[in-house]
Amino acid sequence: MKKSLLRMSLAMLVSASLTGPMLRAQQDNTPVDNSEPPKGEVLELERFKVTSDVSTDQLVLPIARPFSSVFGTDDNIVDVPRNVTIISRQQLSDININSVLDFSKLTSSAYTTTNFGAPANPSIRGQTADLFINGVRGRITSNGNGLPLDFNAVESVNIVKGPATAVQGTSMYVGGFVDLVTKRPYFDVAKGSVSLTVGSYSQKEWTVDYGAPISKEAAYRFSYSGTDSKGYSWDYYNKNHSIYGAVTLRPTKDYELFVTATAAFYRYTENWGINRVTQDLIDNGNYLTGVNSNAAPDFARFPLGFQDSRGQAITFANLNTIGGAAAPISDPQNSKWVTSGFPAGNRVIFGPTVKISRHQRLLKPGDHSTGREFNAQAIQTFTISPTLKVTNNSYASYTARNTLSSYYYSEIIDPSWFAENRTEIVLTQKAWTLNTGLDLRYQRTKAYDDYFFEPANVWDLTKDMRFVNVYNSVNFPNPFTSLPIPGWPGRYATDGIQNGDTNDSKGTTFGPFAQGTYRISEEFSFVLGGRLDRFHADVTEPLLPNRPHASISVWIPNYN
């Protein structure tokens, strides 16, 4: 009986699958030929195409999505000789990808450190990764630290392991790169969505997204997202707002213009974690207490104000811990006598270990980071023939950032400009594909950093955190390492000759390139690319009176 039922079910299933196309054809008012073919002849059915109603932003299968992040050409991801992970919009939402730290959920070798609580670029294969927006570099960083990544504009993410190819151009980051594919307007029907996320530790995030066709030749899309969240760590918050807009114009079948613009505003706190890390703290949550017992500076006796425990003057050639009689305790953190650690190191009298909350962290109440980021992009596509396509991709961005942590770290980006224009000529033949063109870049960055005066371990997290403040110290600012920043009262930075980060720099790049694939067969092909960048940089030290200047011009080859 069970076998009969099984055969009957299979027969019904086969019957339904065979009659489905016929029913669809009848609904489409297409005549159906029900006549039987003569015996001995083979009946050849008409080819029919199965289409999906699933929108691009909901597609999960990698082979179902357009992919051009590696070589700048529309490739089948299966045939690309690189390790690639594609994250769809649906996955971004379902798996809650809202930070570069989350990429490790979906791809190996993408572990990213917290980077002071503000990782701007992910890490791939142990190195900071390049970040692209629709195929061009969208963010410049020296160490992966910066403004949070804005996912409001993102439709999907392509994560590629290994260095960028000749199309994108050379970089010092060879572990991999991430290409953010932005949201596209809707040409079919008007549609939109509203989302709200509420979670533990006062997480509150919301998004409004809407798009619609204007006509057969034009469509638009608008998206806004906001965040007003606290977090696991004490006194942490993240208050961000982002606005994204996109327009697509198709005046003819051979030309398309895709224009996007983003404005993002950030207000958040960095996360330095817990200082004085010991194995006992890691295993049992026991924290080592104690404050500094430094002596008051005495410039009459010592050139730099301090002596070591042997009574010898501390100099730049004699870096040592402060000795001598301790100054009176000034406040719960004894912040009046804190030194920079260069050239004189803080002397701390440690107390007993006590239990500390895992939520605690090194931060003075009120410390914060702010930033704003604006970018615009225009992609023009000219389809000259079925085998010839020309694409021009123009991108420009503006970034300003301000971080002050009173324990102490200071950084000001005032501001950073970046622009890139790349023209690609793509030739496609049966046996080969060639992408060749010219890439032009411009970058201008004015940055001020101060991390020489950074006594991270001198502060006791069990005492009043309001006094975690180097501005209370008679030794701050350090006259040798902390210089006033023009236009920023009360802010200091170390000159770039000492720290390598403070600078006013300009850089231009001129880079012709060619990237091609030659297919011997479906199973065997050659991939070859080359590029030659002419890079010129001008760097000025903005803090020193004589404003030292240097420049360099180099040719940088890149081939794969």
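1. Helices (H or I, at least four residues) and strands (E, at least two) are DSSP runs, numbered from the N terminus, and two strands pair if DSSP finds at least two bridges between them. The note concerns a predicted model, in which local features need pLDDT of at least 70 and side-chain atom pairs count only at pLDDT 80 or more, while totals for chains, interfaces and linings use all residues. Residues are numbered from 1 along each chain as its sequence is written, and side-chain values use heavy atoms, with hydrogens and water left out.

2. Strand β23 (residues 503-519) and strand β24 (residues 525-540) run antiparallel and are joined by 14 bridges, and Y518 has F526 as its bridge partner in β24. Strand β24 also pairs in the antiparallel sense with strand β25 (residues 549-559), over 11 bridges, and here A537 stands opposite I552 in β25.

3. A further run of strands begins with β10 (residues 218-230), which pairs with β11 (residues 237-252) in the antiparallel sense over 13 bridges; K230 has Y237 in β11 as its bridge partner. These two strands form a hairpin with 6 residues between them, and D235 in the turn has a positive phi of about 60°. Strand β11 is then joined to β12, again antiparallel, by 13 bridges, with a hairpin of 2 residues connecting them and T252 standing opposite Y255 in β12.

4. For the protein chain as a whole, the secondary structure comes to 4 helices and 25 strands. Of its 560 residues, 44% count as buried, where buried means under 20% relative accessible area, exposed over 50%, and partly exposed in between (1.4 Å probe, protein chains only). Contact means heavy atoms within 4.5 Å, and among contacts between residues at least 6 apart in sequence, 65% join residues at least 24 apart.

5. A nonpolar core is a set of buried Ala, Val, Leu, Ile, Met, Phe, Trp, Tyr and Cys residues joined through side-chain atoms within 4.5 Å. The largest such core has 18 residues, of which L362, Y407 and W459 touch the most other members. Leaving aside neighbours within four places in sequence, L362 is in contact with residues including W272, Y407, W459 and V468. A second, separate core of 16 residues includes L92, L149, V154 and I159.

6. A cavity is a set of points, on a 1 Å grid over the protein atoms alone, where a 1.4 Å probe fits but cannot get out, and lining residues have an atom within 4 Å of a point. By this rule there is 1 cavity of 30 Å³ or more, and the largest cavity has a volume of about 190 Å³, a volume being the space filled by probe spheres set on the points, which are joined across faces, edges and corners. Its lining consists of 18 residues, with I133, D150, L180, T262 and N375 nearest its centre. The elements that give two or more residues to this lining are β4 (130-133), β7 (176-182), β12 (255-268) and β17 (368-385).

7. Finally, Q498 is found in helix α4 (residues 496-499) and counts as partly exposed because its relative accessibility is 35%. Leaving aside neighbours within four places in sequence, Q498 is in contact with F452, F480 and T481.

Technical notes
On a 1 Å grid over the protein atoms alone, a cavity is a set of points where a 1.4 Å probe fits but cannot get out, and a pocket is an open set with protein on both sides within 12 Å along at least five of seven lines; lining residues have an atom within 4 Å of a point.
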